[in-house]
Amino acid sequence: SAVAGAYGYRVFYKGSSGWKGMGNTTANSYIDEDVRNGGTYTYTVRCVDQNGKFTSGYNDNGWTYTYQPKQLDTPQITGFQSTAQGVKITWNKVSGAYGYRVFYKGSSGWKAMGNTTSTTFIDTDVRNGGTYTYTVRGVDKNGSYVTSFLSSGKTIIHN
């Protein structure tokens with residue numbers, strides 16, 4: 001929380017050899033961008049003056065936090081269309097997702113078919129009369145999952 005009379009704050013993380021300064025801010029928040037999913041981090045904060053000199057003590061135990069990014073909404077398949085090329089799968093756009101990974105359900109579980117930044121995908125490896133089950137997950141620019149998926153999937157019979 002903000003401290004009355006403080007010009008700014010220096011944020012620290014606890015590394016293997018003790019406290020390390022991360023940066024200064026005049027806001028009462030700071031974003032640590034060097035984290036990984038499931039990683040546990042310990043932080044503390046000290047007040048500083050305009051010259052960067054400490055004007056307060058600090059919590060030597062710090063505050064510990066395990067990073068779990070907010071999951072975005074789960075993509076929902078909204079329709080299928082049998083085309084000459086195969087089965088066209090359509091789903092809703094998920095705000096915050098860079099793209100999507102489309103899966104089909106095989107005999108041994110879910111198998112990834114491909115990635116797209118669109119909200120449609122055509123499965124070209126289908127046969128007339130075949131039954132196919134699909135699901136979709138949102139991904140970030142690096143291909144890491146940012147959404148969950150509908151585990152039961154949605155099914156179509158391709159005609």
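# Notebook: pocket, rings and strand pairs

Entry 1. I began with the largest pocket, which holds about 530 Å³ of space. I note at once that this is a predicted model. I then listed the lining of the largest pocket: 21 residues, with Val-11, Ser-29, Tyr-30, Tyr-43 and Val-45 closest to the centre. Next I sorted the lining by element. Strand 1 (8-15), strand 3 (40-48) and strand 4 (63-66) are the elements that each give two or more residues. Which strand gives the most to this lining? I found strand 3, with 5 residues. By residue class, I count 14 nonpolar, 5 polar and 2 charged in the lining.

**Entry 2. Gly-8.** I looked up Gly-8 and placed this residue in strand 1. Buried or exposed? Gly-8 has a relative accessible area of 1%, so I put it down as buried. I also checked its distance to Gln-50. The two C-alpha atoms lie 7.4 Å apart, while 42 residues separate Gly-8 and Gln-50 in sequence.

**Entry 3. Aromatic pairs.** I searched for ring pairs and got 6 aromatic pairs. I took Trp-19 with Tyr-58. Their ring centres are 6.4 Å apart and the planes meet at 80 degrees; over 60 counts as edge-to-face, so I file the pair under that heading. This pair links distant parts of the chain. Trp-19 belongs to strand 2 (residues 18-25), and Tyr-58 to the loop between strand 3 and strand 4, 39 residues apart. For Tyr-58 I read a relative accessible area of 40%, so it is partly exposed.

Then I turned to Phe-80 and Tyr-134. How far apart are the ring centres of Phe-80 and Tyr-134? I read 5.8 Å, with the planes at 45 degrees, so this pair is tilted. Again distant parts of the chain are linked. Phe-80 sits in strand 5 (residues 77-82) and Tyr-134 in strand 10 (residues 131-139), 54 residues apart. I checked the accessibility of both partners. Phe-80 comes out partly exposed, at 26% relative accessible area. Tyr-134 is at 0%; under 20% means buried, so Tyr-134 counts as buried.

**Entry 4. Charges over rings.** I looked for arginine over aromatic faces. Arg-46 lies over the face of Phe-54, 3.9 Å from the ring centre. I noted another case at Tyr-145. There the charged end of Arg-137 sits over the ring, 3.9 Å from its centre.

**Entry 5. Strand 7 and its partners.** I followed strand 7 (residues 99-106) to strand 10 and found an antiparallel pairing over 6 bridges. Within my notes on strand 10, Val-136 stands opposite Val-102. I then went to strand 8 (residues 109-116). How many bridges join strand 7 to strand 8? I have 7 bridges, and the two strands run antiparallel. I wrote down two partners in strand 8. Ala-112 stands opposite Phe-103, and Lys-111 is the bridge partner of Tyr-104.

Entry 6. I return to strand 3, which gives 5 residues to the pocket lining. I also keep strand 10 in view: Tyr-134 of this strand pairs its ring with Phe-80, and the strand itself pairs with strand 7. Strand 7 in turn is joined to strand 8 by 7 bridges.

Technical notes:
Residues numbered from 1 in each chain as written. Predicted model: local features only at pLDDT ≥ 70, side-chain atom pairs only at ≥ 80, totals over all residues. Heavy atoms only, no water. 1 Å grid on protein atoms, 1.4 Å probe; cavity = no way out; pocket = protein on both sides within 12 Å on 5 of 7 lines; lining within 4 Å. Points joined across faces, edges and corners; volume = space filled by probe spheres on them. Helix = DSSP H or I, 4+ residues; strand = E, 2+ residues; numbered from the N terminus. Nonpolar A, V, L, I, M, F, W, Y, C, P; charged D, E, K, R; others polar. Phe/Tyr/Trp six-rings, centres within 6.5 Å; stacked < 30°, edge-to-face > 60°. Buried < 20%, exposed > 50% of the residue type's maximum accessible area, 1.4 Å probe, protein only. Lys NZ or Arg CZ within 6 Å of the ring centre and 35° of its normal. Pairing = 2+ DSSP bridges.
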